[in-house]
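Student: Could you go through this model with me, one question at a time? I will jump between topics.

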Amino acid sequence: MSEPAAAPTPPPTASTQDERVLPAIVYALYLIGLTHGLTIVIGVIMAYVCRDSASEKQKSHYDFLISTFWKSVPLLLITFAAFTIGLVLSIVLIGIPIVMASAFAFGAIWLWFLIRCVVGAVYLAQDQAHPRPETWLA
């Protein structure tokens, strides 16, 4: 007896792993950007460009990355303004605590950004949508 002819296989589609590559690149750009900031801007531009054509899972990660960026900008601007005022006032020694508090705030924002990126990357590695992309927490 002859074997029945096998049905033609459909053309390969993008696997789940392939769909996770671009969000993973954006997470990596964010993490690298913690040392200098430039790649964070490149990453948010990539997130905006890729968001419209992404699946729902990846869209949640792009929304999370975009909200992380836009939530950090005002925090950094306020902290930078306080730091600048503290530097000016440090001439009369009043600004030294302001400079110290601003340095602490910069560190806290950096740590918050790092934690958000790591948590988002873990969700992506587990092939899960980010459950709460608009939250302030991780």
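Student: Is Asp127 buried, exposed or partly exposed?

Tutor: Asp127 is partly exposed, with a relative accessible area of 24%, where buried means under 20% relative accessible area, exposed means over 50% and partly exposed is what lies in between, computed with a 1.4 Å probe and protein chains only. This is a predicted model, in which local features need pLDDT of at least 70 and side-chain atom pairs count only at pLDDT 80 or more, while totals for chains, interfaces and linings use all residues. Residues are numbered from 1 along each chain as its sequence is written, and side-chain values use heavy atoms, with hydrogens and water left out.

Student: And where does Asp127 lie, and what is its phi?

Tutor: Asp127 lies in the segment after α5, and its phi is positive, at about 60°, although Asp127 is not a glycine. As background, most residues other than glycine have a negative phi.

Student: What about Leu93, what is its phi?

Tutor: Leu93 is not a glycine either, and its phi is positive, near 70°. Leu93 sits in the loop between α4 and α5 and is exposed, with a relative accessible area of 61%.

Student: Changing topic, how many helices and strands does the protein have?

Tutor: The protein has five helices and zero strands, where helices (H or I, at least four residues) and strands (E, at least two) are DSSP runs numbered from the N terminus. Along the sequence the pattern is therefore α-α-α-α-α.

Student: Which residues of α2 are buried?

Tutor: In α2, the buried residues are Pro23, Val26, Tyr27, Leu29, Tyr30 and Gly33. They cover an arc of only 160° around the axis, which puts them on the same side of α2; the arc is that of the directions from the helix axis to the C-beta atoms. In general, an α-helix has 3.6 residues a turn, so residues three or four places apart point the same way.

Student: Which ones are buried in α3, and what covers them?

Tutor: In α3, Thr39, Ile40, Gly43, Val44, Ala47 and Cys50 are buried, and because their arc around the axis is only 145°, they lie on the same side of α3. Their cover includes α2, α4 and α5, while the face turned away from the buried side carries the exposed residues Leu38, Ile45 and Val49.

Student: How far does α3 reach from its first C-alpha to its last?

Tutor: The 14 residues of α3 reach 20 Å from first to last C-alpha, close to the 20 Å expected at 1.5 Å a residue, the expected span being 1.5 Å times one less than the number of residues.

Student: Which residues have the most contacts inside the largest nonpolar core?

Tutor: They are Val26, Tyr27, Tyr30, Tyr62, Leu65 and Phe113, in a core of 17 residues. A nonpolar core here is a set of buried Ala, Val, Leu, Ile, Met, Phe, Trp, Tyr and Cys residues joined through side-chain atoms within 4.5 Å. Helices α2, α3 (38-51), α4 (56-89) and α5 (95-125) each supply at least two residues of this core, and the largest share, five residues, comes from α4.

Student: Taking Tyr62, what is it in contact with?

Tutor: Leaving aside neighbours within four places in sequence, Tyr62 is in contact with Leu22, Pro23, Val26, Ala47, Cys50, Arg51 and Ala54, contact meaning heavy atoms within 4.5 Å. Tyr62 is found in helix α4 and is buried, with a relative accessible area of 3%. The C-alpha atoms of Tyr62 and His130, 68 residues apart along the chain, are separated by 9.3 Å.

Student: And Tyr30, what is it in contact with?

Tutor: With the neighbours within four places set aside, the contacts of Tyr30 include Ile40, Val44, Leu65, Phe69, Phe113 and Cys117.

Student: Last one, how many aromatic pairs are there?

Tutor: The count comes to four aromatic pairs, given that rings of Phe, Tyr and Trp (its six-membered ring) pair if their centres lie within 6.5 Å, with planes under 30 degrees apart counted as stacked, over 60 as edge-to-face and the rest as tilted. Phe69 and Trp70 form an edge-to-face pair, at 4.9 Å centre to centre with 85° between the planes. Phe69 is buried at 13% relative accessible area, whereas Trp70 is partly exposed at 47%.
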